[in-house]
Every structure is written in C-alpha cells, then in structure tokens.
Amino acid sequence: MAKLQSSYFVCFAFSIFVNLLFVLKLYVGGEWELSWSRRAAEEAEHVAAISCSGHGRAYLDGLVLDGKEPVCECNSCYGGPDCSEFLTACAANADSGDPLFLEPFWMQHAAKSAVVVAGWHRMSYTFSDQSYISAELERHIRKLHAIVGNAVTQGRYITFCAGSTQLLNAAVHALSSDNSSSSSSPASVVASIPYYNGIL
C-alpha cells in the first residue's frame with residue numbers, strides 16, 4: 001500500500017512540475033514562439049528604418065533595384081536616392097488632397113496601427129453568405145454610426161467601396177434624374193465647397 005501511495009505522490013509531483021513549466025512559459029517566459037509572422041514583422045521593421053531624409057519612404061512592397069533593399073519613394077517636390085534633393089520646378093497641386101500630413105501620427109502609433117496579414121488570408125472575393133462585405137465589418141459600421149449619431153443605418157444598405165471617389169460617383173449616378181442607359185451625357189450636379197471636381 002505504501003508503494004502505491006508513493007507512486008501516486010511521484011505522479012502528482014510530476015504533474016505539478018509540468019504545470020509549473022507551462023505557467024512559467026506563459027507568464028514569465030514571454031510570448032509563444034512565432035514563425036512566419038515574426039519574420040514578416042522583422043522585414044517590415046528593417047525596411048521602415050531605411051532613411052529617406054524625411055521626404056519619402058521605402059516600402060516592403062516597393063521598388064527594389066539590383067536585388068537589394070527597397071529604394072526610397074519620394075514625396076512630391078523631392079528626388080534623389082534618399083529624397084534629399086528639393087525640386088525647384090515643382091508645382092503645388094491645390095486641386096486634390098494627400099494625407100501625408102498624418103504620417104507622423106501613425107509613426108508614433110506604429111504598434112497599434114500595424115497589420116500583419118498572411119498572403120492566403122481571405123483569398124476569395126465573397127464571404128460565406130455570398131456578399132462582398134463581412135457581416136462583422138457591417139455590424140461595426142452600423143454600431144459606429146449609432147454611437148456617433150450621424151446616420152440612420154437600420155433598414156438601409158451599406159455600400160462598400162475602395163475609396164470615396166467610387167462612392168461619390170455611384171451616388172451621383174444613382175441620384176441623377178436621367179441615369180438611364182440611353183443617356184451618354186453626364187448628370188448635372190450642384191455641389192457646395194469643399195468638393196473634388198474630378199468626380200463631378
């Protein structure tokens with residue numbers, strides 16, 4: 001009987017030891033080991049550290065010369081291999097916007113705004129319900145508008161586009177009085193400032 005109790009004690013002690021190892025690995029040892037996502041993050045960090053003199057950026061999916069590192073893609077009015085050359089013959093474009101002024105904010109919040117997506121993530125164009133927008137994204141859009149109170153979404157469709165230009169073009173076409181297929185002329189639209197005249 002004593003031998004049986006001692007074997008139970010050994011099994012119990014071994015079980016406690018194994019559980020302690022798992023707890024230490026989880027809470028003290030840090031993170032679980034990552035494979036492809038760690039390498040992808042390291043590559044992105046390496047390319048983000050390439051200096052483009054503050055007037056451009058190198059991108060992981062950008063142009064690569066001679067099989068080496070990605071090259072700097074310069075902002076408007078700048079050139080050269082590291083975007084340090086100011087182009088004096090550059091004209092300012094006041095007809096459209098460019099969100100580059102937001103770059104410092106997103107660089108300060110890089111960890112919170114970073115996205116790592118596997119190449120095979122959602123390769124299909126449709127979801128299981130044969131729609132082109134996920135039910136979860138649609139739910140969050142409706143929830144956001146309900147919290148902000150700027151739009152009624154109940155009983156309405158959510159239109160999903162690649163950008164505001166596509167959405168505004170669709171709205172102009174849908175709301176124009178003569179949007180029949182026989183009419184080849186564009187619809188007349190009255191828009192108040194500010195607006196992008198390229199879409200009207």
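1. In this predicted model, Glu-136 counts as partly exposed, with a relative accessibility of 42%. The residue forms a salt bridge with Arg-139, in which the closest N and O atoms are 2.7 Å apart. Arg-139 is likewise partly exposed, at 42% relative accessibility. Both residues belong to helix α5, where a spacing of 3 residues separates them by about one helical turn.

2. Glu-138 has a relative accessibility of 24% and counts as partly exposed, whereas Arg-142, at 17%, counts as buried, because the cut-off for a buried residue is under 20%.

3. The helix that carries these pairs, α5, runs over residues 135–148, and its 14 residues should span 20 Å at 1.5 Å a residue, which agrees with the 20 Å between its end C-alpha atoms. Just after α5 comes Gly-149, which takes a positive phi of about 80 degrees.

4. The structure holds 3 salt bridges, one of which links Glu-103 with Arg-57, the closest N and O atoms being 3.4 Å apart. Glu-103 lies in helix α3 (residues 103–108) and Arg-57 in strand β1 (residues 56–58), so this pair ties together parts that are 46 residues apart in sequence. Glu-103 itself is partly exposed, with a relative accessible area of 24%.

Notes. Residues numbered from 1 in each chain as written. Predicted model: local features only at pLDDT ≥ 70, side-chain atom pairs only at ≥ 80, totals over all residues. Heavy atoms only, no water. Helix = DSSP H or I, 4+ residues; strand = E, 2+ residues; numbered from the N terminus. Expected span 1.5 Å × (residues − 1). Salt bridge = Lys/Arg side-chain N within 4 Å of Asp/Glu carboxyl O. Buried < 20%, exposed > 50% of the residue type's maximum accessible area, 1.4 Å probe, protein only.
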